Structure formats: structure tokens, C-alpha cells
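Keep the structure open as you read.

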Amino acid sequence: MAVGATRGLLRFLSYGSGKLSVMHAITIDQPGGPEALVWTEVPDPVPGAGEVVVEVTAAAVNRADVMQRQGHYPPPPGAPPYPGLECSGVITAVGDGVTGHHVGERVCALLAGGGYAEQVAVPAGQLLPIPQQMSVQEAAALPEVACTVWSNVVDIARLRKGRTLLVHGGGGGIGTFAIQLGKALGATVMTTARESKHAQLRALGADLTIDYTAADFVAETQRFTDGRGADVILDIMGAKYLDRNVAALAPDGHLVIIGLQGGRRGELDLGALMAKRASVSATTLRARTAADKARVVRGVRDQVWPLVDAGTIRPVIDRTIPMAQAAEAHRLMESSDHLGKILLLP
Ligand SMILES: NC(=O)c1ccc[n+]([C@@H]2O[C@H](COP(=O)([O-])OP(=O)(O)OC[C@H]3O[C@@H](n4cnc5c(N)ncnc54)[C@H](OP(=O)(O)O)[C@@H]3O)[C@@H](O)[C@H]2O)c1
């Protein structure tokens, strides 16, 4: 039977005395390759206390979704089982105790999971307004990257005007946002990426682009900063870059590690860190409590959204792909051939 017909039949199943409505979501029955992502009929979400349900216009792909698909990053307790850490859309239901939001409101949202679906329930504290002069669809590219970058680079590492920022993986979703936020704050921004992406990253504001496949980013950072090093380093490589990141830090610098693409266990030279009075943090956004996420979202709304509203920071969207073909989006992300964000449309 065709998917549409099945969906028609299942749309309003009689379920005991009540009604069970169904939607589509990407499910993962067995962790594995991109083919593990299957567009499936599942029950509609119901808003819990303090939550709203959003009918999804678009969701964005994150590296964490790839890890979840592979079985390495289970959703936190209470989160929807489907992948997807950010989305945009329209509120269709409001749970008990929610104030300040209404059915029909256009929003984007930071999620603990469940964005790869036609609908998702989300705590109201994780909603953000659609920025001015931006389509609902485009806004799906922002919540996860804005919250991750702001919480690490600003809230933790205190990047400010006149300082230097080194962004690893400048061509990714996180990287393209971090470059723009760093520039908007008045910092000098250096970034690592494959050479094919350099022109676009300079157009986003990067002052120095380093081809990590051909050059030593420590030497390049030291040269560009007259031997001082970077005040803040936003790292996605983990163990593989740990030594070199400490070597590239400025005195009183802060290394914030948010990704483990180069492994999780490394050796930290504490003497080198002490000599620079430097700090190392490692954080993950998804594991924060809903209350802590709401605090981060408030910080983003207050400090980042005005920059987005003004057009100083814009979403960088590589392409959109039908959500039912999420496997194709994951193949693209794993190839790293994309620049910025990949959107999924239900
Ligand atoms: N902790 C958190 O809360 C949190 C939240 C969101 C994301 N993250 C992490 O942040 C990282 C980036 O996420 P994303 O969604 O932006 O993924 P993405 O779009 O796939 O970006 C990753 C980038 O890494 C680059 N890259 C690969 N190897 C590299 C190397 N050796 N040195 C420098 N760059 C390299 C790739 O581009 P090229 O190789 O082509 O230059 C690619 O653009 C992931 O590790 C993700 O798990 C963490």
C-alpha cells in the first residue's frame, strides 16, 4: 500500500475510547548506516505540562544525529526517541502552565530530540521567535548552533571585542555560525577548514582561514597573532587536537571543547596550561536540564537574536532535502562536503 494511503487510514485510528492520531517521524530500529533512518508512522506527540507541540516546517541536521543513528548518542531520558535537535514551525497545541505562547504562533526551537518528525513536543522555555525578515524554514538552521556557540564562546569563555577566536571546522553548521558571532562581537576570527571552503568563510568574516590538511594551525595562529595565540578556541576535534590547541592558546586563554571527532581520550600537559593560566572546558548542550537550556535560550534571545534580526548574522544553508530522505542528508554530512546547515522538510 502506498505511504499516503496508509497514512490516510492511520491518521485517526480508533484507540479504545479515545483517538490516536498519527504522524510521520524518522525512526531508527537498528543503529547503523544512513539506511537505518526510516520514515515511519508513529503516534502524535501530546504536550506535557510546560510544553507546546510544534508542527514542523523544517528541521536541521547536526553531527549528533549521525552519532545517534550509529548508536553512540542515545537521547536523554524523557526526550523523543527520534533524532533532531532543532526545528522551526507553528504551535498547534499548548500544554498546562504555558504562558506567553499561543496556537498559530511561528517559532523555532532547541530540542532534546524529535525534530525529524511532522510534529514535536518541546518545553516552552526552549522556544525562540522567528527572526525578523527570515522565513520560518530558514530559522530551523539557528537554535542548536546559536545556543551551542553562545553558551561556550560567550557564556563560558567570555569572548569579547578585541580578542581573538580560533574556530575549528569553520565550514560546518557550528563553524559558520561561530565565525559570524565572533566577528559581530568585535573579535578577530581564525578558522580551520578544507581549502575549498575558504572563500566562503572569508565572506562570512573570517580574518584568517587555515587549511588544516596542509598547514600547522598552531604555527599559523601564532604567526597571525604575533606570537600571542588565540584567546578563545572553539574545538570539535577533542583528543586529536588537545596538545596543539593548548599550544595555540594565548595567556589566560580558554579552550572550549564541544566535539570529539578526533577521539575522547587525550593527554593534557597541565604544566603548559599552568604556564599560560589557561582553562579547558568540555560541554554538551543536549545533556543540560530543561531549566539550564531555558537559561541558555534566554541568553541567546537577549544577546544573539538582535544580531540576527539586524542581518549581521544569517543562517548559512547548504541545501534542503525531504525529511523522508534523511539518509541522503546524513551521507552528505558524513562526507563534510556541505557548507553550513542541511535542512530537512517534512
Ligand atoms: N557539545 C555540544 O553541545 C555540541 C552541539 C552541537 C555540535 N557539537 C559538535 O560540533 C561539531 C560540529 O557540528 P556540526 O553540526 O557543525 O557538524 P558539521 O556541519 O559536519 O561540521 C563539521 C566540520 O568539521 C570539519 N572538519 C573535519 N575534520 C576536521 C579537522 N581535522 N580539523 C578541522 N575541521 C575539520 C568539516 O569540514 P572540512 O573538513 O571540509 O573543513 C566539517 O565542516 C560536531 O563534532 C558536533 O558533535 C557539539
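The secondary structure of this predicted model comprises 12 helices and 16 strands. Its C-alpha trace extends over about 70 × 40 × 35 Å along the principal axes. How does the radius of gyration of the protein chain agree with that of a compact globule? For 346 residues the globule rule gives a value near 20 Å, and the chain has 21 Å, so the two agree.

Among contacts with a separation of 6 or more, 65% join residues 24 or more positions apart. Of the 346 residues, 51% count as buried, meaning under 20% relative accessible area. The accessible surface totals about 14900 Å². Carbon and sulfur atoms contribute 52% of that surface.

Now take helix 4, residues 143-156. Is helix 4 mostly covered or mostly open? It is mostly covered, with 13 of its 14 residues buried. The helix is also kinked by about 30°, and the kink is centred on W150.

Helix 12 covers residues 326-335. Which of its residues are buried? They are A326, A327, A329, H330, L332 and M333. An α-helix has 3.6 residues a turn, so residues three or four places apart point the same way. Read the buried positions of helix 12 with that spacing in mind. Just after this helix, S336 adopts a positive phi of about 60°.

Definitions and conventions: Residues numbered from 1 in each chain as written. Predicted model: local features only at pLDDT ≥ 70, side-chain atom pairs only at ≥ 80, totals over all residues. Heavy atoms only, no water. Buried < 20%, exposed > 50% of the residue type's maximum accessible area, 1.4 Å probe, protein only. Helix = DSSP H or I, 4+ residues; strand = E, 2+ residues; numbered from the N terminus. Expected span 1.5 Å × (residues − 1). Bend = angle between axes of the 7 residues up to and from the residue. Rg over C-alpha atoms; globule rule 2.2 N^0.38 Å. Contact = heavy atoms within 4.5 Å. Areas by Shrake-Rupley, 256 points an atom, 1.4 Å probe, with all protein chains shown as cover.
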